Amino acid sequence: MADFELNTFDFASIEELDPSIADGYRVIYDREVPFELRLHEQNAPQQVGTLEAVKAKVLVLGDEHNLQSIRVELSSEADLFFHYMHVIDEAGFIAIQEQQKLMVEFADYPNVLIRMLNNCIKEPHSHLAVFVMKQDVDARLDFIQNMEYKFVELMSCHFIRSPEEIVQHQITYRYNAMKTRLQLMQGRLEDINTLVKLKNPSLLLQLQKAPPGQLSSLGNGGR
């Protein structure tokens, strides 16, 4: 039990180094969401995009009684240099609220974003997240609902491609976090090897010789 608590503490300490929270923001949502990625080219017909898993992170600055700013970060494990941000305060939200005729207040905006992202995960055939990237730094995330007889755009969010410095910080953090997690797991594996070697040396030999796919059969007595 002590080892488990130590590992949990170590993983938490890794997350505290996330550059996304260095400026006082806190993460309230962090999941991979299916996105349709499209490239927008002027004077070119709109083409069907590619479906990819995009990591969506929603962060807030301030508390629920004094929400100051909201930031959404998009990244991808398939492309480490893919990183976009949507940052908005109350004044910016009022402009969007009027333009898109949104029926929610600024304080509810984070929950609306989370609900829409979760809908894209739970019901990918009826709730779509379409991310349109322009040739410059601008991009747009459209939340669209498939009503069978028509597509309805529920909300649209403006994104910008993150500056190179931020992208480099994010890549460095992800690399170091993965490296640290690997070291922790290797250390844990060595502890388990030592324990099994003391308690049951023959079992350790079987574990070391068996291919990964056969480890479960060893645990079931070879059945």
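This report walks through the fold of one protein chain, from its overall layout down to single residues.

## Overall layout

The model is predicted. Its chain holds six helices and seven strands. Read from the N terminus, the elements follow the order α-β-β-β-β-α-α-β-β-β-α-α-α.

The chain has 223 residues, and 33% of them are buried. Now take contacts between residues at least 6 apart in sequence. Of these, 51% join residues at least 24 apart.

## The barrel

Seven strands close into a barrel. Going around, the order is β1-β2-β3-β4-β7-β6-β5, with mixed pairing. From one strand to the next, the twist averages 35°.

Strand β5 shows both kinds of pairing. With β1 it pairs in the parallel sense, over four bridges. Here L39 stands opposite M133 of β5. With β6, residues 138-146, strand β5 runs antiparallel, and seven bridges join the two. In that pairing, V132 has R140 of β6 as its bridge partner. β5 and β6 also form a hairpin, with four residues between them.

How covered is strand β5? It spans residues 127-133 and is mostly covered, as six of its seven residues are buried.

## The nonpolar core

In soluble globular proteins, nonpolar side chains tend to be buried together. In this model, the largest nonpolar core has 35 residues. Those with the most contacts inside it are F35, L74, F131, F143, M155 and F159. Which helix gives the most to this core? Helix α3, residues 109-122, does, with seven residues.

Helix α3 also lies across the strands β1, β2, β3, β4, β5, β6 and β7. It runs at about 55° to β1.

F159 is then in contact with V72, L74, Y84, M85, H86, F131, V137, D138, A139 and L141. Two of these partners, L74 and F131, are themselves listed among the core residues with the most contacts.

## Cysteines

How many disulfides does the structure hold? The number is zero. A disulfide is a covalent bond between the sulfur atoms of two cysteines. C120 has a relative accessible area of 1%, so it counts as buried. C157 is also at 1% relative accessibility, and therefore it too is buried.

Helix α4 covers residues 164-199. It lies across β3 and β4, at about 115° to β4. Is R174 buried or exposed? Its relative accessibility is 16%, so it counts as buried. Beyond its neighbours within four places in sequence, R174 is in contact with S75, S76, E77 and L80.

Two packed helices are described by the angle between their axes and the distance between the axes. The axes of α4 and α5, residues 201-209, come within 5 Å and cross at roughly 135°. That angle makes α4 oblique to α5. Which residues meet there? From α4 come N193, V196, K197 and K199, and from α5 come P201, L203, L204 and L207.

## Helix α2 and Q97

Helix α2 spans residues 90-100, and Q97 has its place there. Q97 has a relative accessible area of 17%. The cut-off for buried is under 20%, so Q97 counts as buried. Leaving aside neighbours within four places in sequence, Q97 is in contact with L102, V104 and E105.

## A loop residue

Where is E41 found? It is in the loop between β1, residues 26-39, and β2, residues 50-63. Its relative accessible area is 41%, so E41 is partly exposed.

Key
Residues are numbered from 1 along each chain as its sequence is written. This is a predicted model: local features need pLDDT of at least 70, side-chain atom pairs count only at pLDDT 80 or more; totals for chains, interfaces and linings use all residues. Side-chain values use heavy atoms; hydrogens and water are left out. Buried means under 20% relative accessible area, exposed over 50%, partly exposed in between (1.4 Å probe, protein chains only). A nonpolar core is a set of buried Ala, Val, Leu, Ile, Met, Phe, Trp, Tyr and Cys residues joined through side-chain atoms within 4.5 Å. Contact means heavy atoms within 4.5 Å. A disulfide is a pair of cysteine sulfur atoms within 2.5 Å. Two strands pair if DSSP finds at least two bridges between them. Axes are lines fitted to C-alpha atoms, for helices over the stretch in contact, and angles run from 0 to 180 degrees between N-to-C directions. Angles under 35 degrees count as roughly parallel, over 145 as roughly antiparallel, 65 to 115 as roughly perpendicular and the rest as oblique.
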